[in-house]
Every structure is written in C-alpha cells, then in structure tokens.
Amino acid sequence: MLNYRQLHYFWVVAKTGSIVRACEQLNLTPQTISGQISLLEQTYGIELFRRVGRQLELTEAGRQTLPYAEQMFQLGGELELMLRAQPNEQQILFRVGVADVVPKSIVYRLIAPTMELSDPLRISCREDKLERLLADLAIQRLDLVISDSPMPSHLDIKGYSQKLGECGISFFATAELAALYGGDFPRSLNGAPLLIPGPETVVRSRLQRWFAEQQIQPRIVGEFDDSALMQAFGQSGSGIFIGPSVIADEVRRQYGVEVIGQTDAVSESFYAISVERKVKHPGIVAITEGARRELFTEL
C-alpha cells in the first residue's frame, strides 16, 4: 500500500522547493525527510528528484506524481475540515465545475441562489475545459458542471443535461465607438472593430453564420476564450464586444459601455450537467429553479 506519509514529505518538498524549507514547515530534520523520500523511491524503483547544483528538480516521474499528490492532500484537507466541524456547523459541500467559456456574470447569477438556502452550503467552484470537468463529474469529484452546451454525445460518460435558459446577444461599445458605429445596426458593424469569443464557444459559430446571412464583415481585432478578458479589452475601447442580453444592464453598469444593438437570431444557451437524472442535491435544485424563475424567465 502507498505510504501516504512518505508521499506527503515528497509533496511538501516539491511545493516548497527544498528540503530545508520543508523541514521548517514540517518541523522535522533533513535526514528524516530525505530518508522517507528515498524509501518511497526505492519502493517503486523510481527517482523523484535530481540535484542540479544546490537545487532540487523534479524528474519526469516526480512531475507526474505531483498533481496526484496535490489532489489527494487537497481532498484530505477538505475531509479534515468536515470531520472537525461541529454537528450544528456542518455544511454540505457543493462542488461546481464551470466551463471556461461561460461568462462570469452568468455563473455568479446562476450560483447566487445557493447562498440563500436555509441549510448552509460551502461552495467549491473550479473553472476548466469542459471535457476535463466532465471527467471529474464522472468520478464524483464534482456535483455539477455549468456549460454553454449539453453533454457531448461522443463522450462515454454518464451524465444528464438540464437546459437552464437561453437568450439573445447584445453588442457593447464605449461611447466613442458607439458614436461611430451605433447607427443603422447591424449594417454599422460592417468594417467595425470587433472582439469575439474564442472558437471553443458555441456562440462563436452562430455569430459567424449570422454575419454571413446579413452580409456583414466586421474587422476582427481579438478573440477570447475568457469573456471577462474580452470585456476588459472592450472597456478600454479596443473594439465592440458581445454578451448575453439577459445581463446587458449589468455589463453596461460594470464596464461603463453602451448597447449599440441586440439580436435574438444569435442565442446563447446554458446547461447544468449532473450524474443524476432526478436532481436531489439542494445546490443543483437552487440553481435550476433560480435560473428559470429569475434569470431566464421566458422558460
């Protein structure tokens, strides 16, 4: 069986960068730490560190081991917090994965109802690529994944998609750009500087198809997987950018921009993906009901 104490010493040395700093953190002698790591290496016939001058560097085996150790001791820390909690203070852990293409404002509005539940939740929110999040959902390291698309059919993962809502898109610009391109929408977008979502987003292809149908050719000056970064560039005046119409007022206030046009011909959809067909987790129930009751009221 894997010796978790030895693995823990390896992890601390890898994170701190040296045995000396690991000794300070663990309150142990260098001989104890180096000896235990050597035993771990001997057990599996591998080398985890190599010395380069006075520095320790991870070997390839060490680099592959580190993320596993990171996950194990992170989960161990969460378990310890749960076990130490008093019965009347225990919180339900709600682990949410968010596809990195989903706008942050939408994510907040979707998750916000979970903060108002009578039984407290402790939310753990992680952003990543959709397929990696779904892999973690499959092994129950996540309770829910929020995405701009339903469960992909090509993945051999058991999961159920609930559509939370759908809305059109709005085009935002600074006052200076709005003065130049705000009239005669959408024809005014022809040749206009435009910031668009990255190719992994669903709305990207819908937007390009709509431009083709309207015979409009904007000047693409930037593309972003991260909507918050796209909005920051838009706020600086780098170009016109898009966002879900359902949060248009919020985007206007937050970034000091104007809405120069809106269309329902291009829509963004949002989904909650879980391993349960019949949802029982109170956090997921709060998200699905809140989305339909408050955010996407047309559904």
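Ile33 is buried, with a relative accessible area of 0%. The model that shows this is a predicted one. Ile33 belongs to helix α3. Leaving aside residues up to four places away in sequence, Ile33 touches Tyr9, Val13, Ile19, Ala22, Cys23, Leu26 and Leu28.

Another residue, Ala232, lies 199 residues from Ile33 along the chain. The C-alpha atoms of these two residues are separated by 47 Å.

## Helix α2

Helix α2 covers residues 19–26, and its residues Ile19, Ala22 and Cys23 are buried. These three cover an arc of only 105° around the axis, so they are on the same side of α2. The other side of α2 carries Val20, Glu24 and Gln25, which are exposed.

What do the buried residues of α2 pack against? They pack against α1 (4–16), α3 (30–44) and β2 (55–58). Ile19, Ala22 and Cys23, the buried residues of α2, are also among the residues that Ile33 touches.

## Helix α6

In α6, residues 130–138, the buried residues are Leu130, Leu133, Leu134, Asp136 and Leu137. They lie on the same side of α6, because they cover an arc of only 160° around the axis.

The cover over the buried residues of α6 includes β3 (92–99), β4 (121–128), β5 (144–147) and β10 (258–274). Just after the helix comes Gln140, which has a positive phi of about 65°.

## Backbone features in the loops

Asn27 follows α2 and sits in the loop between α2 and α3. Its phi is positive, about 60°, although Asn27 is not a glycine. Asn27 is exposed, with a relative accessible area of 69%.

Gln215 is another residue with a positive phi that is not a glycine; here the value is about 55°. It is placed in the loop between α8 (202–214) and β8 (219–224). Gln215 is exposed, and its relative accessible area is 64%. A further backbone feature is the peptide bond from Phe185 to Pro186, which is cis with omega near 5°. Pro186 is in the loop between α7 (175–181) and β7 (193–197).

## The largest pocket

How much space lies in the largest pocket? The volume is about 330 Å³. The residues that line this pocket are Glu70, Gln71, Gln74, Leu75, Glu78, Arg95, Ser124, Cys125, Arg126, Asp136, Arg141 and Leu142. Asp136 is also one of the buried residues of α6.

Two elements, α4 (60–84) and β4, each supply at least two residues of the pocket lining. The largest share, five residues, comes from α4. Sorted by class, the lining of the largest pocket has six charged, three polar and three nonpolar residues.

## The cavity

A search of the whole structure for cavities of 30 Å³ or more finds one. The largest cavity holds about 100 Å³ of space. Its lining is made of 14 residues, and Pro103, Pro197, Ser227, Met230 and Glu268 are the ones nearest its centre. The elements that give two or more residues to this lining are α9 (227–235) and β9 (240–244).

By class, the lining of the largest cavity has eight nonpolar residues, four polar residues and two charged residues.

## Cysteines

How many disulfides are counted in the model? The count is zero. A disulfide requires two cysteine sulfur atoms within 2.5 Å. The sulfur of Cys125 has its closest cysteine sulfur in Cys167, 19 Å away, which is too far for a bond. Cys167 is likewise in no disulfide, as the nearest cysteine sulfur, that of Cys125, is 19 Å away.

Is each of these cysteines buried or exposed? Cys125 is partly exposed, with a relative accessible area of 46%. Cys167 is buried, with a relative accessible area of 10%. Cys125 also belongs to the lining of the largest pocket.

Technical notes: Residues are numbered from 1 along each chain as its sequence is written. This is a predicted model: local features need pLDDT of at least 70, side-chain atom pairs count only at pLDDT 80 or more; totals for chains, interfaces and linings use all residues. Side-chain values use heavy atoms; hydrogens and water are left out. Buried means under 20% relative accessible area, exposed over 50%, partly exposed in between (1.4 Å probe, protein chains only). Helices (H or I, at least four residues) and strands (E, at least two) are DSSP runs, numbered from the N terminus. The arc is that of the directions from the helix axis to the C-beta atoms. Contact means heavy atoms within 4.5 Å. On a 1 Å grid over the protein atoms alone, a cavity is a set of points where a 1.4 Å probe fits but cannot get out, and a pocket is an open set with protein on both sides within 12 Å along at least five of seven lines; lining residues have an atom within 4 Å of a point. Grid points are joined across faces, edges and corners, and a volume is the space filled by probe spheres set on the points. Ala, Val, Leu, Ile, Met, Phe, Trp, Tyr, Cys and Pro count as nonpolar, Asp, Glu, Lys and Arg as charged, and the others, Gly among them, as polar.
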